[in-house]
Amino acid sequence: MDTELARTFLTVVTSGSFVNAAEQLHVSQSTVSTRIHALEEHLGCALFVRNKAGTTLTAAGRQFQRHAATLVRTVELARHDVGLPPGFSGTLAIGGRIGLWEEFLLEWLPEMQRCRPTISIRAESGVEPDIMQGLIEGRLDIGVMYTPQSRPGLKIQQLFEERLVMVGSTPGRPPVPQSDYVYVDWGPEFYTRHNTCFPDFTGAPLVANIGWLGLQNILKGGGAGYFPARMVWPYVKEGKLHIVENAPEFFMPAYVAFAVEHDEHVINDALSIMHRIAGQNHGASNPTHVLKRTRQKPTLVS
């Protein structure tokens, strides 16, 4: 079976429709339909029920989903193993939110390399839909993100609770978005809670889905925005940024997702190091806990 058909099938499953799948795969809707039709003919059964609301899996489709993910994962693993550089015994592919690479996964990476020097690591950054797609297809072994989706064959563990605080380039700012506010898209849960806390907010002159981009803009040109406390602590300590007094805080769990069927020794080592770093960086002794807490502390629930 052409693995491209299985990839297309998995993309339709995760995106919810042929139209969305076509956009993600950068092909036409008719190409997606042709691939799914070919797959259904090959298997001798219907995989989707199509309606105006999108697509839903048939009973046969639900059964095939697990096999499709395994098929794609097997091909990807074979490709990685065949392409191993000399001196390496295996591979590990990890994807993470860019904001979670900063101050967390970038600390995990050298620790993992020291623990497993014969494992070739491929590191990727992206947003939740891309990371989830990589896990489902088998391109990624581990995904670190804020809002993972429960999927068959995947296991999810919470790493730590991210604390988002509003910081500004000047002290004494009002605890609401101003004309120089930078809105960073930390996901749908943050969007909903942010709108609840700031009902009069109509938009920002700069919207970024990468925390680093928004932060650098504020450091260079001034302004304010929401960022993880661990990320802004060094700048607050140096006086380059200031916590906005009485602005609400947001708490957002960070998770790690991985395949149930995996290389037990490598994955377990990777997870162990992640949990250890998470405990060190987010325990009571961490300096970010001295950042002055505000009166409102909304919580994001995944």
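Contact here means heavy atoms within 4.5 Å. The structure shown in these views is a predicted model.

**View A. His 194 and the residues that touch it.** His 194 lies in helix H7, which covers residues 188–197. Leaving aside residues up to four places away in sequence, His 194 touches Tyr 181, Tyr 183, Phe 201, Tyr 226 and Phe 250. The side chain of Tyr 181 is also joined to that of His 194 by a polar contact of 2.8 Å. Is His 194 buried or exposed? His 194 has a relative accessible area of 0%, so this residue is buried.

**View B. Met 166 in strand S6.** Strand S6 runs over residues 154–168 and includes Met 166. Met 166 counts as buried because its relative accessibility is 3%, and buried means under 20%. With residues up to four places away in sequence not counted, the residues touched by Met 166 include Pro 175, Val 176, Pro 177, Tyr 181, Phe 198 and Gly 225. Tyr 226, His 242, Ile 243, Val 244 and Ala 247 are also among them. Tyr 181 and Tyr 226 are touched by Met 166 and also by His 194 of View A.

**View C. Met 166 and Ala 257.** These two residues are 91 residues apart along the chain. The C-alpha atoms of Met 166 and Ala 257 are separated by 28 Å.

**View D. Helix H9 and the residue just after it.** Helix H9 spans residues 229–238. Which residues of helix H9 are buried? They are Ala 229, Arg 230, Met 231, Val 232, Trp 233 and Val 236. Just after H9, Gly 239 has a positive phi of about 85 degrees.

Definitions and conventions. Residues are numbered from 1 along each chain as its sequence is written. This is a predicted model: local features need pLDDT of at least 70, side-chain atom pairs count only at pLDDT 80 or more; totals for chains, interfaces and linings use all residues. Side-chain values use heavy atoms; hydrogens and water are left out. Helices (H or I, at least four residues) and strands (E, at least two) are DSSP runs, numbered from the N terminus. Buried means under 20% relative accessible area, exposed over 50%, partly exposed in between (1.4 Å probe, protein chains only). A polar contact is a pair of N or O atoms within 3.5 Å; within protein, one must be able to donate a hydrogen and the other to accept it, and residues adjacent in sequence count only if both atoms are side-chain atoms.
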